[in-house]
Amino acid sequence: MSLKARLHDLKEKYRGTKMAPAFNALHTFLYLPNEVTHGGTHIKAADDLKRTMNTVIMALIPCLIFGMLNAGYQHYAAVDNSLRLNPLANFFTLDNLWIGIIKVLPLVVVSYGVGLIIEFIFAVIKGHEVEEGYLVTGMLVPLIVPVDTPLWMLAVAVAFGVIIGKEVFGGTGMNILNPALTIRAFLFFAYPTWMSGDKVWVHAADPRVGKLGQGYIPDVISGETILGSYAQNLEPVYTNWDKFFGFIPGSVGETSTFLILLGAAFLIFTKIGSWRIIVSTFAGAAVMGLIFNAVVHAEIITESSKFFGLMNTDWWEHLMIGGLAFGAVYMATDPVTGSQTNKGKWIYGFLIGFISIMIRVFNPAYPEGVFLAILLMNVFAPTIDHYVVQGNVKRRLKRLNAKTA
Amino acid sequence: MGLLSKKDTKLITDPFADNNPITIQVLGICSALAITAELKASIVMSISVLFVLGVGNVVISLMRNIIPSKIRIIVQLIVVATLVIIVDLVLKAFAYELSKTLGAFIGLIITNCIIMGRFEAFALGNGPWRSFLDGIGNAVGYGVILIIVGFFRELLGAGTLLGIPVLGDPIEKTGLYAYGYENNGFMIMPPMALILVGLIIWVQRSRNKALIEEH
């Protein structure tokens with residue numbers, strides 16, 4: 001008997017018992033279920049929740065691998081600045097990858113481990129099947145935290161995010177807030193010193209974690225992010241190509257706008273991600289950036305202002321730095337927490353981009369405004385949908401009345 | 001309890017658990033969110049409300065037959081205000097530092113919905129002894145939640161209990177901090193109090209299914 005058949009037999013044997021959901025989860029994860037639809041289904045399609053989730057994970061893999069290499073690259077480049085002169089030659093090295101393996105992989109393991117254990121426990125308690133929702137969340141979480149985030153903090157945050165952000169609302173598909181961003185928000189507010197500042201983004205740059213190497217003085221060079229530099233009216237040291245390809249410090253997986261755009265193309269091609277949300281988020285951010293540029297151009301804000309650095313940043317540069325691209329492509333497009341109507345998606349995405357840049361500029365303490373903006377719009381998404389639907393109903397009623405009158 | 005009849009005992013125990021003013025009636029939430037960052041403040045707040053509600057219920061109950069119903073809210077407010085001013089002055093005299101932390105929230109006991117709620121719902125229609133028990137029961141029910149929330153927020157948020165460090169010194173890195181533990185800044189913020197109250201409601205309703213509302 002093959003393993004598959006054996007698993008099917010076991011599934012029948014344990015049907016209806018408490019442990020059945022946990023077992024079935026493993027089974028469906030490995031094989032296609034042996035049940036087929038009975039009755040009068042009219043639409044048949046091959047994509048189920050599992051396939052959807054796996055597609056997103058595939059789109060995230062390049063970001064993860066790049067993030068692992070970048071973790072090492074930023075670490076060594078902070079010790080020896082000359083590496084930055086030729087990022088391509090110094091990026092794809094085994095040393096870099098090794099740092100990624102010892103620093104980033106544990107984040108992935110903890111994120112999946114804690115999250116899935118909680119999902120299994122809830123599935124057993126509630127007596128329903130384990131939902132695939134955590135597969136994507138578990139991959140997103142390590143990509144949006146700083147590389148040196150202590151593992152126990154991540155574990156606490158994941159537990160909080162999965163229970164309070166998702167399970168209390170009824171599990172996958174019922175949550176109001178994006179669970180990955182709930183986890184990020186929890187970390188940000190609970191342990192701000194590990195989530196912001198100028199040192200946490202580079203492995204071992206923070207004296208709490210370790211030493212960068214011989215002759216290293218913590219105050220001289222650090223992993224200052226581009227947003228952090230602008231917020232202090234300083235000119236960052238990275239070229240625009242560095243920013244686009246992602247050879248910059250930042251959260252693990254969000255630095256490379258190039259790979260994120262590739263992922264976006266993949267998601268749009270497979271019809272998993274909504275191109276309306278992605279495009280409108282970038283558009284919203286660009287509009288807000290243009291407004292700020294115009295304000296600076298009109299000399300309403302001058303160099304003496306603390307907002308000058310970020311306001312003077314070219315609008316197209318805003319799209320490349322920080323987590324905006326990552327948020328727009330992988331977070332805002334979450335079908336559960338985003339708007340459902342097509343018109344609603346435009347409004348929802350536009351406001352995410354618009355508010356992200358606004359938070360980024362006006363509150364230098366929250367340079368990563370994008371996660372707050374998405375959480376805020378998650379809350380408003382049902383309201384947007386409601387008015388879009390009502391507007392549609394009204395328009396059609398009017399047309400009907402005009403016809404019958 | 002030989003002192004109390006079964007019915008009277010229920011007056012005290014009911015609001016303590018299955019009819020808790022905070023977790024079941026969802027009253028008095030504002031102060032529960034605002035002052036529970038420290039255990040000490042939660043305890044003082046609970047005692048203050050215990051005093052105001054216990055005495056207030058008796059006073060209102062004694063006057064219930066002579067209060068014209070049209071102006072009863074004004075009369076109730078005057079009674080609460082008098083009692084709250086007494087609490088405020090006592091705190092200022094004997095615990096000045098604490099009265100500064102609690103600030104406006106002692107004054108705002110006047111608007112605590114639990115107090116007006118009990119006056120309206122109970123003291124106006126019952127004798128002084130039963131009103132007293134009802135006041136005590138509700139104030140204890142309120143206080144218990146405040147103290148539970150305050151306990152966890154202070155322990156996890158600041159690593160102290162009643163101001164005494166129990167998890168070690170976060171700066172010197174002793175105790176738990178030596179192992180990389182850090183205080184949870186989110187615990188200090190009011191949203192976390194709301195989440196903790198929510199968790200208590202969750203635990204309570206999953207233990208007693210009768211409390212779950214139908215939708």
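Me: Is helix 17 of chain A mostly buried or exposed?
Reply: This is a predicted model. In it, 17 of the 21 residues of helix 17 of chain A are buried, so the helix is largely enclosed by the rest of the structure.

Me: How far does helix 17 of chain A reach from its first C-alpha to its last?
Reply: The helix covers residues 342-362 and reaches 30 Å. That is close to the 30 Å expected at 1.5 Å a residue.

Me: And helix 16 of chain A, how many of its residues are buried?
Reply: Eight of the eight, so helix 16 (residues 324-331) is largely enclosed by the rest of the structure.

Me: Which residues are those?
Reply: A:Leu324, A:Ala325, A:Phe326, A:Gly327, A:Ala328, A:Val329, A:Tyr330 and A:Met331.

Me: New topic: helix pairs. What describes two packed helices?
Reply: The angle between their axes and the distance between the axes.

Me: OK, at what angle do helix 3 and helix 12 of chain A cross?
Reply: Roughly 170°, and their axes come within 9 Å. Helix 3 spans residues 49-79, and helix 12 spans residues 257-269.

Me: Why call them roughly antiparallel?
Reply: Angles over 145 degrees count as roughly antiparallel. The crossing is roughly 170°, so helix 3 and helix 12 of chain A get that label.

Me: Which residues make the contact?
Reply: Helix 3 of chain A gives A:Val56, A:Ala59, A:Leu60, A:Pro62, A:Cys63 and A:Phe66. Helix 12 of chain A gives A:Leu259, A:Ile260, A:Leu262, A:Gly263, A:Phe266 and A:Leu267.

Me: How do they divide into nonpolar, polar and charged?
Reply: Eleven are nonpolar, one is polar and none is charged.

Me: What about helix 7 and helix 8 of chain A, at what angle do they pack?
Reply: About 130°, with their axes 8 Å apart. Helix 7 (residues 151-165) and helix 8 (residues 179-190) are therefore oblique to each other.

Me: Is that crossing left-handed or right-handed?
Reply: The crossing of helix 7 and helix 8 of chain A is right-handed. Among the contact residues are A:Phe160 of helix 7 and A:Phe186 of helix 8. By class, the contact has nine nonpolar, three polar and no charged residues.

Technical notes. Residues are numbered from 1 along each chain as its sequence is written. Chains are lettered from A and ligands numbered from 1 in the order in which they are written. This is a predicted model: local features need pLDDT of at least 70, side-chain atom pairs count only at pLDDT 80 or more; totals for chains, interfaces and linings use all residues. Helices (H or I, at least four residues) and strands (E, at least two) are DSSP runs, numbered from the N terminus. The expected span of a helix is 1.5 Å times one less than its number of residues. A residue is buried if 20 or more other C-beta atoms lie within 10 Å of its own, exposed if 12 or fewer, and partly exposed in between; C-beta atoms are placed from the backbone. Axes are lines fitted to C-alpha atoms, for helices over the stretch in contact, and angles run from 0 to 180 degrees between N-to-C directions. Angles under 35 degrees count as roughly parallel, over 145 as roughly antiparallel, 65 to 115 as roughly perpendicular and the rest as oblique. Two residues are in contact if their C-beta atoms, placed from the backbone, lie within 7 Å. Ala, Val, Leu, Ile, Met, Phe, Trp, Tyr, Cys and Pro count as nonpolar, Asp, Glu, Lys and Arg as charged, and the others, Gly among them, as polar. A crossing is left-handed if the near helix is turned anticlockwise from the far one by less than a right angle, and right-handed if clockwise.
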